[in-house]
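Look at the structure first, then read on.

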Amino acid sequence: MPRERETILLEQDPVPRPPPAAASESEEGRLGRLGVSLLVFSIVTGLVTHGWNLFKYPLYLSDEGIYMQQAWSVLRHGKLSPYTYFYDHAPLGWLTIAGWVAVIPGQFNSFGFPVNVGRALMVLVHAGCVFLLFEVVRRYSGSRAAATLAAFLFNVSPLAVYFQRMVLLDNLMVFWVLVGLYILARKDGRIVTAMGAGLAFGFALITKENAAFLLPGFGYLLHRSIVDNSNRRFSASFWWFAAGAPVSLYMLYAQIKNELLPANLDFNLASPPADHVSLLYTIWWQLNRTASGGQGTMFSTLLHDSWMWKDKYILITGTAATIANLVLSLNARRREVPMLGVGLLAIGYGFYLTRSVLLDFYVAPLVPLLALNIGLCYGRITRYGKPIAVALLTAIVCALPLSQPHGYLVAWDSTGTRLLLADQYRLPQTNMQNLQVKWIRENIPPDARLIIDDDIWVALREGTPKYPNAQSHFKAASDPDVRDKIFHQDWHNVDYVVMSNKMRDALQRNNEGWIMEAIDQHGEQVWRIDRGDVHLEIIKINNTG
Amino acid sequence: MEHILLAAIALVSLMLTIQAAHVLYLMIYTWDQPAADTLARVPDVRAGPQLSFTAIVPARHEEEVIQQTIDRVARTDYPARLVQIIVVCSADDTGTIERAAATISRLNAAGRDNVQLVVFSDEPINKPHGLNAALVHSQADVVTIFDAEDEIHPEIFSIVNTIMVTERVHVVQAGVQLMNYESNWYSTFNVLEYFFWFRSRLHYQAKAGAIPLGGNTIFFARDLLERIGGWDEKCLTEDADIGLRVCAMGERVRVVYDHRYVTKEETPPTLTHFIKQRTRWSQGFMQTLKKGTWKELPTRKQRWLAWYTLAFPYAQALLGLYLPVAVLTAFVLRAPVPVALLSWLPVLLLAAHFVTQVIGLYEFTEAHGLRATPRTVIVMAVGWMPYQMVLAYAAMRALKRQLGGVGDWEKTAHVGAHRTAEAEEVTSRAA
């Protein structure tokens, strides 16, 4: 059969060209050499501000001790908690800590007091967060100056330094949230990108459940990033699927242990299940906790007594920036998608803080969210400024808080006459807890039955000698396995009560009556240390007479 | 003993998870890669007719549909002098021969002399033998195959002519699509399998250089076919086999899927036929794997992908056995927590596959101007596990036949369920 000779071949490339790449980023939007320098500067600044005096300030918190204790249990006993795990939090956070401790040669004793290993991880996590925050702001605002400012505030805010040094699930949760935002901000139109962002959000959820309050902001950013793509159905579905997968594994874990549902499906809050714990019951209980009950404090109290005192600047500026972002973006939603998205993130978390039973450290995730808002707002305001002017303005804005004697870098001493380095870079608060443990080791036999706070729990299990009979006071009062099977709620079965700072308040708040009775009616103070408003004690219980 | 069992469950779970995740990625490949998606489309600008085509139509017991098919191929939008049509039947299939001969006579009477009938009487009686019998009569630049039930697009020759001329490729696989997605409970899944296979996965396999080709709407340069000696008559999936042989020669295979120009087909009419068809495919892959063509591929990555694709029926058989174990492990057996969690991962991935299928349904119906209804999704949800079990059963059946040395051809029946009156009318107008 003949070929058709007379036809004309259209002029085309032999190989079809791939579609043009997404519009290249603007000069300002690209990271570039200057951007790399600013990013490195930001990370190093974060390592210094968060790492300097890390092991000495602030005081080890009970919650830090709890997460270290649970990581210890994972490594030493292959269990999620040394006590009855009642699904108060999902476990990814302390599994991460356990993984970190496992790869450190000296494990829990690598940096002295065991909580320090966790704190070292927190500093690395912070450095990671700085990288992510910087890049998220830069990608969304197109401004390296805005990214630098956001990262700088995140690094030096005393509120951030105070809480982000602590071994808290919230800090690990923030990391995953920022990973999710960082992936979303790639805007490459791929399904795996949406999926990666979803998976990160799922990890955030099983690190600390309060990430759920970031869903509106996250969801909006996701929606806007995929709505115009032809693969939006896949992207949206895979985001949800990836976010739900870790949560489903957590639920399955509970089911495998037969601890998903309460016995007889009884969700009555007035009669907690006595025989076995239940994930869904705990979630129901937490949803129904009100600010007037439980061990938490009201939002307004913490705001005035703690958070504003630590750093009012970032709280006020961040709130103002969030409001400005919402106002500016609601006028131009299409163009200002990221501003509305990060505004919703901060609003969502703020809603949680005002509605929930609070602990002091619950504010920790708010700081990077406010920094995000400040960064994007600043990027919007300076969008049309000359680069040199913006750079100069950014340098001045960064220098301002440092020069003020209100705790960013320096603060007045107690007499108000001398400028000193701020507390977080100077005070050796944890020395007191080290002294307390030292005294125990030198004066109390290892087989003694101790009631302690969680901050020194791992120290007494891992050091030399070990104290296998030291139990958390929370568990001695509330966990039937400890309260009824070890101590039998009887002061005769206790040799010492080791009091952390403000532990007496906790004993009263939680109605730990039999322990109070042991201290007040049969106890004798054998060691005490007071420094400022921090007071530690050791009470010997006279149970032999 | 218990430890060995648990270790086996953990290992199988892990392998199935990785495998399922990879398959999932291949299913969404072109949606995930915007560049691949663009490349998959048919070029908007067409080259003038330059290449000549031989369209082979292998038919066996296709009395019901053969006449329409011949008419369709004869009435494409391409110069008749550049198209040669060969209908090929075995001598014992008198019914099909009679119908085909009648149509050819009618066309001859209308002045179309480019259609011929080739009858072979030697063994084996199967598709690859028929194709080889027809190949020796081919005189054109390009050889293609259309199955008897195919509803081809009138512009298909023009499209392939453009691609082959402008991109200088010698093998083009164009899209094939089952259409009757609401005929019965398994047809939706079957339709979507084709959708994901031709719309996405084949593009990945072509790019990687290890592609099991489809059975029709595949276009080869004739000299290439002659050089590789035609189709393997002993293989139940001669299409997959020839694809790998072509890749082993270093030929680039171009895949194109544009919903406007796909070749439309139907799902097997009954579950029994469906299982037979699936058994044949699974066993064909097993045969091709055993034959070892994949070992001739030049790079390790190509060999790995080919091996992995051909070994899939084994994984499918395993999955059928595994699913009840996974559910039992998670909910009934007291396996250690990490093992139980690990055994859950493939189930999770299976759920992801289901989600993907549902989205695929909406993508498919939207592309073809159809409408997906929640009812179909509910039927899918109910039929999902049974469908997996049917696939697993077919894979196990194939395994049994393969181990037992049974290699005969179980043919799929066609009733023309995909041919709607409306579609016929459109085609007539186009002709």
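## Helices side by side

Helix 5 (residues 144-156) of chain A packs against helix 15 (residues 387-403) of chain A at an angle of about 10°, and their axes are 10 Å apart. An angle under 35 degrees counts as roughly parallel. Helix 5 of chain A and helix 15 of chain A are therefore roughly parallel. Helix 5 of chain A brings Ala145(A), Leu149(A), Phe152(A) and Val156(A) to the contact, while helix 15 of chain A brings Val390(A), Thr394(A), Val397(A), Cys398(A) and Leu402(A). By class, this contact of helix 5 with helix 15 of chain A has 8 nonpolar residues, 1 polar and no charged. Keep in mind that the model is predicted.

Now take another pair. Helix 7 (residues 169-184) of chain A and helix 8 (residues 191-205) of chain A pack at about 170°, with axes 8 Å apart. That angle makes helix 7 of chain A roughly antiparallel to helix 8 of chain A. Among the residues that meet are Trp176(A) and Gly180(A) from helix 7 of chain A, and Gly196(A) and Phe203(A) from helix 8 of chain A. The contact of helix 7 with helix 8 of chain A holds 10 nonpolar, 3 polar and no charged residues.

## Stretches listed by UniProt

In an unreviewed entry, UniProt lists residues 305-333, 340-362 and 377-396 of chain B as "transmembrane region".

Over all chains, the structure holds 50 aromatic pairs. Phe213(A) and Phe351(A) form a tilted one, 6.3 Å centre to centre with 40° between the planes. Phe213(A) sits in the loop between helix 8 and helix 9 (215-226) of chain A, and Phe351(A) sits in helix 13 (residues 337-355) of chain A, 138 residues apart. Phe213(A) is partly exposed, at 30% relative accessible area. Phe351(A) is also partly exposed, at 46%.

Phe53(B) and Tyr78(B) pair edge-to-face, 5.4 Å centre to centre with 80° between the planes. Phe53(B) lies in strand 1 (residues 53-58) of chain B and Tyr78(B) in the loop between helix 4 (66-74) and strand 2 (83-90) of chain B, so the pair ties together parts 25 residues apart in sequence. Are these two buried or exposed? Both Phe53(B) and Tyr78(B) are buried.

Ring pairs also build a cluster, with members including Phe234(A), Phe238(A), Trp31(B) and Tyr181(B).

Technical notes: Residues numbered from 1 in each chain as written. Chains lettered and ligands numbered in written order. Predicted model: local features only at pLDDT ≥ 70, side-chain atom pairs only at ≥ 80, totals over all residues. Heavy atoms only, no water. Axes fitted to C-alpha atoms, helices over the stretch in contact; angles between N-to-C directions. Helix = DSSP H or I, 4+ residues; strand = E, 2+ residues; numbered from the N terminus. Parallel < 35°, antiparallel > 145°, perpendicular 65-115°, else oblique. Contact = heavy atoms within 4.5 Å. Nonpolar A, V, L, I, M, F, W, Y, C, P; charged D, E, K, R; others polar. UniProt positions renumbered as here; feature names shortened; annotations may be inferred. Phe/Tyr/Trp six-rings, centres within 6.5 Å; stacked < 30°, edge-to-face > 60°. Buried < 20%, exposed > 50% of the residue type's maximum accessible area, 1.4 Å probe, protein only.
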